[in-house]
Each structure stands twice: as structure tokens, then as C-alpha cells.
Protein chains: 6
Amino acid sequence: MPPFLVGKGKGWMSAEYGMLPGSTNTRKARDKAGKVDGRSVEIQRLIGRSLRAIFNLDKLGERTLWIDCDVLEADGGTRTASINGAFVAVIDALHSLKDQIPPIKEIVRDSVAAISVGLLDDVELLDLEYVEDRDAEVDLNLVMTGSGQFIEVQGTGEEATFSRSQLDRLLKLGSAGIAGVTAAQKKALGPAWPLR
Amino acid sequence: MPPFLVGKGKGWMSAEYGMLPGSTNTRKARDKAGKVDGRSVEIQRLIGRSLRAIFNLDKLGERTLWIDCDVLEADGGTRTASINGAFVAVIDALHSLKDQIPPIKEIVRDSVAAISVGLLDDVELLDLEYVEDRDAEVDLNLVMTGSGQFIEVQGTGEEATFSRSQLDRLLKLGSAGIAGVTAAQKKALGPAWPLR
Amino acid sequence: MPPFLVGKGKGWMSAEYGMLPGSTNTRKARDKAGKVDGRSVEIQRLIGRSLRAIFNLDKLGERTLWIDCDVLEADGGTRTASINGAFVAVIDALHSLKDQIPPIKEIVRDSVAAISVGLLDDVELLDLEYVEDRDAEVDLNLVMTGSGQFIEVQGTGEEATFSRSQLDRLLKLGSAGIAGVTAAQKKALGPAWPLR
Amino acid sequence: MPPFLVGKGKGWMSAEYGMLPGSTNTRKARDKAGKVDGRSVEIQRLIGRSLRAIFNLDKLGERTLWIDCDVLEADGGTRTASINGAFVAVIDALHSLKDQIPPIKEIVRDSVAAISVGLLDDVELLDLEYVEDRDAEVDLNLVMTGSGQFIEVQGTGEEATFSRSQLDRLLKLGSAGIAGVTAAQKKALGPAWPLR
Amino acid sequence: MPPFLVGKGKGWMSAEYGMLPGSTNTRKARDKAGKVDGRSVEIQRLIGRSLRAIFNLDKLGERTLWIDCDVLEADGGTRTASINGAFVAVIDALHSLKDQIPPIKEIVRDSVAAISVGLLDDVELLDLEYVEDRDAEVDLNLVMTGSGQFIEVQGTGEEATFSRSQLDRLLKLGSAGIAGVTAAQKKALGPAWPLR
Amino acid sequence: MPPFLVGKGKGWMSAEYGMLPGSTNTRKARDKAGKVDGRSVEIQRLIGRSLRAIFNLDKLGERTLWIDCDVLEADGGTRTASINGAFVAVIDALHSLKDQIPPIKEIVRDSVAAISVGLLDDVELLDLEYVEDRDAEVDLNLVMTGSGQFIEVQGTGEEATFSRSQLDRLLKLGSAGIAGVTAAQKKALGPAWPLR
């Protein structure tokens, strides 16, 4: 438990993110003791926040769920894939805890999914591959609920800027992509899908 | 220089961010050797990206500008204040390098400013203080250019979600705030203001 | 390259070993920066030595092959499985370097395989599962070549001792096990099997 | 105490191994904070295991004996010398604890000694010096009890392999060497020798 | 609290010292995780000792006062300036704790001040600037009480030595300097000055 | 070489100081990776400075002498003993380099020795044992040359202060002690003593 929660009767979810050395085309050197990988830290904080936004942590009891997002094979979109898989994994994990917690429907308020969109030569792209991501002028990561609410909007100009109308086009495409991911999560969980 | 730039004739800008132990109400323990402060890493990456988006690094020569953002007194908005001050400081620094670089107007494409907006009880707030920031359901950091283009849009629901129309209201308020910051930067730099 | 080899025209093989947090029954905490995992260090040194014993490093050119042994699912025998898989992976890797190196048959002197044997209530066991390994009085790891030569013999009494005749029985059972692993490696590599 | 033993009424023995910078011919750089010396970790684990194999830890009470093996002058065989000296030191230490523990004869089941043997140009060597150790094709470290049981057998081909008959010759020579070391330990401890 | 004081009913004072990257003429690189800055450690130990010498820690209650000495602008004498300011800051801090501690006059036995003196071409200098400090043959830091007692005398020949009569001249000049600093502290604290 | 000396044709001397775990009455835990021992850093900087004050580093050639001060048995005064032994060791080391350096008499300007003096119940003590050092109100470490010049004067009141006349008494006793140490060094080096 994070120290500030001890004795408050509330649960917590925390993610850890890592890429195996063999997950990338050119071998990625393993983190050395003492070296800080800022990108990994950013990503695992994002995954944790995204999950905590849709769960009633008050109903989880004083436990921390650790969600390990270890990337075995990477081709762009590992942070969004981590969130998409993490939701499915947490629902799975809650099922295995069924006897110790309230009904899952009371713990889960909504589903969560993530997708990347980007602008490359002013064309919108959905779910960017590594090469597209590297070349895109604008990169927007969206985390949304299955019901269409936003949790995170992270848009970045890569040594570039973008206009309000470009942002609107990206948000529209991204919302459609989120709907697709949500459908896939529903299919993966089958009868375990916890929402009406 | 970052290793991937050596010998490419291009410059770089990198930020470091830190809070003094006495900058906060309750003393903030100093980073211990070996401990990673994920939040600081996120912020200094954001500051660096924001600056690099508006400068022609190709014209800077093979040099890295280090921008130190050390917070002496904090009350919310330290990351946006860092960006706002960093732009002024970099222009200052470029003036002191005048003899070694091309005319500054050729290096600076636009100005950059940042502001936070948030939703508290569904009311939009601009430039949140620490207490407002802590309680806000939605927190949106905007980095924009003086000419109204976006560089970064970072919206986060804090154990909450937000709708598209709430996002639009926040973007509108934020754009107005950016205009105010830009005016203040212009005043601070006076004749050193590098844009037409 | 290890510094002592630079400019000697000889290659090197080095292994890295790690267990994913989810590989074990109870989640294994990720290595923290600065913490030393003595067991991992021992294992990766063993894997490296085992491979280097059967390859003509002189014919590899001045390159280091890094062999990543990341355990996705563990149930005893991860160090021996790492060696067994590493041999197959290195042969695969050498095939992909075919144009830059001498014929593989000149680089590989023999195959290498590893197996654990143990004594539990004075009964010999081959390829111990986690529970058997934990309870065994004696634990012997063998690394041998396909032609029946020894590379490593690591026998350990776990808060126990063993006699010469017990050692002989374990060596006999282990040799038989090695033959089985070698057959499996041969099958896995098919026509890529580099030995007569 | 190792955490898994707290409250179990059992003792523990743990070794630490280090070489002074001046212990070797060419000065050995001191371990820097954060650097992991895999070899030291391997050796101190071996020393600890070797001692724990012959003591009834159940009779030691809930205490950990720390055995410091700091090498002041090195010329090969520091790991075996550490074990040989550690046994003598532990018996000494137990005598100084006499009033707090059961009779030492009930705690010590056997003595422990270690020796290295090796093959150099197919000739067996006992207790290898640094230069012999560096050049040996096969290096075998034996840890045995005074009564002739094995605790550890660590045989390694150094970029070489060895046959079963070579192993047998090495085991035979090593056993004779162990008897010699045991006699020396007996002499060193004099009347404090704890075994019949 | 330092562990050796817990439960002894005594307080403690501890200092932390740091220089901002921008405090020096040429930017001073920030401490990296894992790197030890010996000079900072020496200085913060000196500041802590100097303060603890004049306070009745027994009357402070079981609390540690942390004194942060962060240098915003440096031009020689940062360690002595830290002590001089720290005394004023601690008195300030004690006033804000007034309701929880005995009268301040009972806690403070004396004031404390520090000054550097040095010999440059055999001429005595008081309160050396950076350039003077760098070139001085002898550098003497004095920590003294307002009543003229010594707390620390740290005299160092910089690749040079000094005679007894040179030491005496430096001690005389330093004592005069301390009187000046004490007067300035008295003025800064005004009615809060705690000594008769 | 320290980076600022590379290519300047000047030598350097650097000390490392450490205490073995078994050197103290109660076992001193070994430094853990990442932990900073401020006291050791202070001491090794003192030893290095003390040596560099009396050698003509310009005549040493571009080499660094590393002086290892590893304490095997401690009972107070380890820092002064380190300096006293280091001088003898460096002269020894220079003799072994005779063929590569100018005559030693040209490199050594003076000898160096160190001693501690202290006040316990206002009585002066020379060369304090551990228990005396712990209880002394004032602790003064002197580093002086054989010819009676000062290199370091480090006087500290331990939660106490001292007067000018107390300082004078300590300096007088210390100078006498230094003369005794110098005589012992001269005897130890015999004909290798490098000074007229």
C-alpha cells in the first residue's frame, strides 16, 4: 500500500512497465542498477492513473493490485496496449479474488481503453506503428472509458505544433478507435465482462 | 550533446527541474542518491520538448542549452511557470551568445507559454493554486505558442473522467490564459522580444 | 566487447538472465535500482561460461553475442533451460550472420546442454521441479557437451552432505538426461544442426 | 536474521568476502558504490552454504553469525582459504558464546574444509596458485567434511571440457588435499577441536 | 531522529547543504543519483556540529530541526555564510515553535558565527572571495561563539604549509571578523535576539 | 589522473580509507552499495591533502599514487595513523619507482606526521584512544611537517566550546607529539629517509 493509504480501508492499483531486451528490432540494453529510465516511469504512472479512474478503490479492501506490463514484442503503441490488456487482466484478477471482495460490478464503474492517433503529413493515422510514430508531427494518446468519457488526453507536437482543428480531427478519430478496442476487450472477457 | 546528435551540426535544449526542500509548506525531503523521482523526470522532459518545438535547433550550432528550473517557492503550477520562465531565460541566454550564433529571429519561430486549467465542481479554473489543483477532478496543462498553436495538451481525470464538452470549455479558457502569459513574457523581455 | 579483448580479433558471448515478476507463483518483485541479485549474477555467469566452452571465439570476429534469458514462466530448472535454449538461439543467430562469419561448422566445436539432478530421500531425480528442488538434500547441475564431455559440475548439499557413491549415481543419471536434451536440440534445429 | 527465519528459533550463518585493494599484485580497484561484483557475491554465498551444511543451526538460538573473509594477501585459492579459516573462526566464536548456547559438540556435526584442484596440460595440480589457476584447463573446487563427505563440487572447464576419467582423478587428488587441510585445522584449534 | 537518540528525550539539529546548478559562474552539474559529493558531505556535517555546540538539545524535546542551506548565488564563503544564516534561521524556527518548547533563552547558550581567513602572498585576508580562496596558500575557517569561544578551527595549507606565527595572525583577524558577523546577526534578529 | 591535470606533466596523490568490519570492537557493517559514508570521505580527503602538501608533484611525472589506508584494527586515531603510515609507504613506493623518477630528495620537501590531542575534564591528552576520543570535550587533529610547519589544524568542540588559551595548550602538546612520530618514521625508513 502507498503509505498515505494505510489504515484508510481503501485499495490501490499500481503498474510496472518494462521492455524485454529482445522486444525491439535492435536489442534494447537492460536497465542498469542506478540508471533511471524516465520514459518507463512516465508510462507506468499513466497506466496506474488510467485504471484507478474507473475502479471504486473504496470497495477493494486494503490491498494493492500490481499490474505487470512486460513487453515481449514491440512495434509502437506499447503504452496503449498495456492499458488495454491491463483492464482485461485486472477483471481476471478480481474474479480470482471473488470470495474476498464485493461483487465485481460494484467495483468497476466503466471499462478503460487507450489508443494512439497521429498526424503524418497532415493525414490522421490510428494506432501508429513504430515507424509512423517516429515520423509523426503530432502524437496523441487517448485514454477513454467504454462509455466515451475521457481519462487522459496527451497530445504532443514533436518539434512541431498543431492547430485546434487538427486537434479536433485527432480526437474524433481516436474516439472511434477506442470503441473498437472496447469491443475487443468485451469479446476477450466474454461472460466475465463486468458492465451491463 | 545527446549522443545521437553528435556531428550533425544541430543544437539541443535540455531542462532540469527540481524543488528545494523549503519550497513547499511541509518540507520536501531532498532526493536521495539512487531514488528516482518520477514526477521530476516527467516535468523536465515536458519542459525540454516544449522549448524544442519552437526553436530552429539546426541554427543553434552543436551546443546544448541546459535550462535549470529550480523551484524556490511553490504554490501550484510549477511546471507551467518553469516553461514560461524558461522561454524568457533562453532568449536572454541567446542574447549573451549573439556573437557566436545567427540572428535570434532566425532561431526562434514562435514564443511558448504554458498554463493549467481545471474543473472543480464542474467550474473551470485558470492557473490553479496547490489546493485547487489537489482537489480538481480534471487537470489540463496546455503548452501553446504565442500565435495560438498547440504544443502539448495534457488532460488528466484524477480518479474521475470528463466529457468532450468539458474538454472544449477547458481548452477555450486555457487559450485565453496563454494569451495573458504571452503578453507578460513580451513585457519582461522588452526590446529583446524576438518576434515581429 | 569486454575491454581485455578489444583489438585481439576474438569474439565473446555474454548472457543476461532475468525472471519476469509474473513468472513465479507468488509475484517476484522486480529488481530495484541499486539492489544486487546474487543468484541472477551467478546464473548469467554460468550460462556465458557454458557457451564459450564450445565455440571457437577466435573465429567469430570482434563481436559480442548477447544472449537474453528472460524467464516468462518458471517451475524449476530455469538455469538449465536457459543453457539449453541459448545453444539453439546462438546457432540461429549465427545463421543470420552467415555472410559475415566463417562457416558455422568451424565456429561450433560441440553442442552444449544442461540438466539438474538431485537426491530426495536418497532417490535420484532428473530435471527437478520447483518443489522437488526446494526439498532435495543434494542438487547437482550438469553442463555437458553432446559428445559427453563435462563443462560444469555443480553439486551442492543443501544443509546436507553426500558421499562419493551418491555423487557417482547422480553423474550417471545426469549424463543420460543430457543425451535426451541433446536429441531435443537436434530436432529443434533440424537442418540447421551444425555438427556432423 | 534472514526474514524467513524470524521467530523460528533457528540460527543462521552468513559470510561476507572482500579483497583489499593491496591484496593483489596489481592494485585491485575498490568496489564503487552501485557496482556489483558478481564474483564476490558467488564466493560469499558458497562460504555461507559450506558452513551451514555442518552446523545444527537449530541449536544456535535466534542469532546470525557473520563471518568476514577479508583477503589481505592473495595468491590463488582465496575462496577455499576463506572456508578453511572460517571453520576455525566459527569454532572460536562459539567458544566465546559458550555461556549462551548448548555444548559446542551438539552444534557441530562435522568439520569443513575446501581445496582447489586443476588440470594443466592434463596434469593434476593441488591448491593452485594464481598463475596455475589462470592457465588451468579445468578448475575444480571441493568443499568436503572432515569425515570425507561432499558439500560442494564445482568443476569448470575454462573454455575447455573434461572427461569423466579426468573428473575422477581430480576428485581423488582433492579428497587427499582435504584430509591435509583438516589436519591443519585440528592443529590450529588444539583442545578446542570440537569433534571426537 | 538519529536512531541513537530515540527515546532519550533529547532533540537534534541536522543540516543539508547544496549548490544550485546556476549558483556558480560556470554551471555546476547537478548531483547524479549514486554520485557522492564529498565536499557537500563535509560541509553539512560542519554546519550541524556548529549549531549543536551552542544549543541545549536536552531542552528541545524529541524533534530534529533540519536546516536547509541551499546556495542560490556563490562567491566564496558558502560554508561560513551557511552557518551564519543557519543560526538566524534556527532562532526564527524556534520562535514559531514557542508554544511547544521551553523559553528560547533556556535552549540557546550562545550565538554562533563563522568566517574564513586566509594568507595570500603572506598577507592576511578576511572573508575570502572565490578567486582569493582559490589562490590562497592557507585557508582557515573559524566557527566561534558570540562570546569569543572556539567551536571549530579548520586550517589547511593548500599544497603549502604555515608557521605558528602565521596561524596566530590568522586567528586574531578571524576573531575580529566573527565579532562583525555576530553584530550583523543581532541586527537581523532584532528583538528576537535570544541572548542577554 | 584527475581530469584537470591530464596533459599538465604533474603527478597526483590520492588516498582511500576504509575500516574492515572486524576492525572495531562491535562489528562495523560493511558499506552497502549506494550508501555514502561521510566520515570516510572526509578522512581520505584529509590524507590526500596532507601528502600533497609536502611533495613536489611537478617532479612526479603524470602518474597518480593511490594510497590505501585499510584499518585492520582500530582503537582511536585511525586517521592520524593513516597519515603517519602513508608517508612511510609513499617513500617506499617512490624507491620502487626509482628508475622512472628524479632523485627522491628532489620530490620530497619535508616529512609529514599527524597526531590527535584532546581536552578531557580540561586535561590535555595526546594520541587519544577510542574511549578518550568519545568523551573528550575538544578534539584537535594536527598534521605537521617534520620541520614544525602546520599543514592542517582541525579543532572541534564536541557539543562544547574552547578558549584561546585551551587551543594554545593543545597546539603545544600536539607539536611535541608530532616530533615523536617523526622520529618513529625516521627509524622505520632507516637509510631510505629522504631528508637531510
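**Interfaces and pairing**

Mentor: Chain F and chain D bury about 1,100 Å² between them, and carbon and sulfur atoms give 45% of that area. Buried area here is the accessible area (1.4 Å probe) that two parts lose on being put together, summed over both. In chain F, F:E16, F:R27 and F:R30 lose the most area to chain D, together 41% of what that side buries.

Trainee: What should I know about the model and the numbering first?

Mentor: This is a predicted model, in which local features need pLDDT of at least 70 and side-chain atom pairs count only at pLDDT 80 or more, while totals for chains, interfaces and linings use all residues. Residues are numbered from 1 along each chain as its sequence is written, chains are lettered from A and ligands numbered from 1 in the order in which they are written, and side-chain values use heavy atoms, with hydrogens and water left out.

Trainee: Back to F and D. How many residues does each chain put into the contact?

Mentor: Chain F gives 13 residues and chain D gives 13 residues. Contact means heavy atoms within 4.5 Å.

Trainee: And how many salt bridges between chain F and chain D?

Mentor: The count is 10 salt bridges, a salt bridge being a side-chain nitrogen of Lys or Arg within 4 Å of a carboxyl oxygen of Asp or Glu. One of them joins F:R30 to D:E16, at 2.5 Å from N to O. There are also 10 residue pairs in polar contact across the interface of chain F and chain D, both residues at pLDDT 80 or more. A polar contact is a pair of N or O atoms within 3.5 Å; within protein, one must be able to donate a hydrogen and the other to accept it, and residues adjacent in sequence count only if both atoms are side-chain atoms.

Trainee: Which elements of chain F give two or more residues to the side that touches chain D?

Mentor: They are β1 (12-19) and β2 (64-71) of chain F. The largest share, 3 residues, comes from β2(F). Helices (H or I, at least four residues) and strands (E, at least two) are DSSP runs, numbered from the N terminus. By class, that side of chain F has 5 nonpolar, 3 polar and 5 charged residues. Ala, Val, Leu, Ile, Met, Phe, Trp, Tyr, Cys and Pro count as nonpolar, Asp, Glu, Lys and Arg as charged, and the others, Gly among them, as polar.

Trainee: OK, switching to A and B. How much area do they bury?

Mentor: Chain A and chain B bury about 2,800 Å² between them, 52% of it on carbon and sulfur atoms. The contact takes 32 residues from chain A and 32 residues from chain B. The count there is 6 salt bridges, including A:R164 with B:D168, whose closest N and O atoms are 2.7 Å apart.

Trainee: Which element gives the most on the chain A side that touches chain B?

Mentor: β6(A), with 8 residues. β6(A) pairs with strand β6 (residues 150-157) of chain B in the antiparallel sense over 5 bridges; two strands pair if DSSP finds at least two bridges between them. Within that pairing, A:V153 has B:G155 in β6(B) as its bridge partner.

Trainee: Which C-alpha of chain A is nearest the axis for A and B?

Mentor: For context, chain A can be laid on chain B with an RMSD of 0.0 Å by a turn of 180° and a shift of 0.0 Å along the axis. The C-alpha of A:Q154 is the nearest in chain A, 2.3 Å from the axis.

Trainee: Which hairpin is there in chain A?

Mentor: β3(A) and β4(A) form one with 2 residues between them, and A:D121 in the turn has a positive phi of about 50°. Strand β3 (residues 112-120) and strand β4 (residues 123-126) of chain A run antiparallel, joined by 4 bridges.

Trainee: Last one: how far apart are chain D and chain E?

Mentor: No contact joins them, and their closest C-alpha atoms lie 7 Å apart. Chain C and chain E do not touch either, with nearest C-alpha atoms 9 Å apart.

How values were computed:
Copies are superposed by least squares on the C-alpha atoms of residues with pLDDT of at least 70 in both.
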